[in-house]
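Dear colleague,

Please find below the structure I am handing over to you, with its sequence.

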Amino acid sequence: MPFCNKCNRYLLFKNTTCRCRRFECCIPEWEGDDEWSDQYAADAEEAASKYTERRDECEYDCLKGPVKCRVLDPQDDSVQIFEVAAETEIHYHATQVEQ
Ligand SMILES: [Zn+2]
């Protein structure tokens, strides 16, 4: 399956060009005020959620409550702040214990 190697989005066709672009993201609560990292995404909102997911993948700190992610758009140097939250999905499964 073809994926964009920058934003990891699934591409419908092999030769499709992804329209993602580079943003810079920072989660001050986790990283301090000046730790900006690149994140490729279609827009600033997607950059915030993708970046937070990337930074949260081991600890799942987002489950304790939303975090604020700053997104800098290099095209106009504007900074937007997003609140990013996550939720778990409940899966039910049955195990036979008696016949
Ligand atoms: Zn992409």
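Helix H2 comprises 13 residues and spans 18 Å from its first C-alpha to its last, close to the 18 Å expected at 1.5 Å a residue. Please note that the model is a predicted one.

The buried residues of this helix are Ala 44, Ala 47, Ala 48, Lys 50, Tyr 51, Thr 52 and Arg 55. They pack against S1, helix H1 (28-31), S2, S3 and S4.

As regards the sheet, it is open and consists of four strands, ordered S2-S1-S3-S4, with antiparallel pairing. At its edges are strand S2 (37-41) and strand S4 (78-84), each of which pairs on one side only. From one strand to the next, the twist averages 35 degrees. Helix H2, covering residues 44-56, packs on the sheet and touches strand S1 (21-26), S2, S3 and S4; the direction of H2 makes about 130 degrees with that of S3.

Seven bridges join strand S3 (residues 67-73) to S4 in the antiparallel sense. Within S4, Val 84 is the residue that stands opposite Val 67.

Finally, I would draw your attention to Trp 36, located in the loop between H1 and S2. Is Trp 36 exposed, partly exposed or buried? Trp 36 counts as partly exposed because it has 15 C-beta neighbours inside 10 Å. Leaving aside residues up to four places away in sequence, Trp 36 touches Glu 24, Cys 25, Cys 26 and Leu 72. Between the C-alpha atoms of Trp 36 and Val 79 the separation is 12 Å, although these residues are 43 residues apart along the chain.

Yours sincerely

Terms used: Residues numbered from 1 in each chain as written. Predicted model: local features only at pLDDT ≥ 70, side-chain atom pairs only at ≥ 80, totals over all residues. Pairing = 2+ DSSP bridges. Helix = DSSP H or I, 4+ residues; strand = E, 2+ residues; numbered from the N terminus. Axes fitted to C-alpha atoms, helices over the stretch in contact; angles between N-to-C directions. Contact = placed C-beta atoms within 7 Å. Expected span 1.5 Å × (residues − 1). Buried ≥ 20, exposed ≤ 12 C-beta atoms within 10 Å, placed from the backbone.
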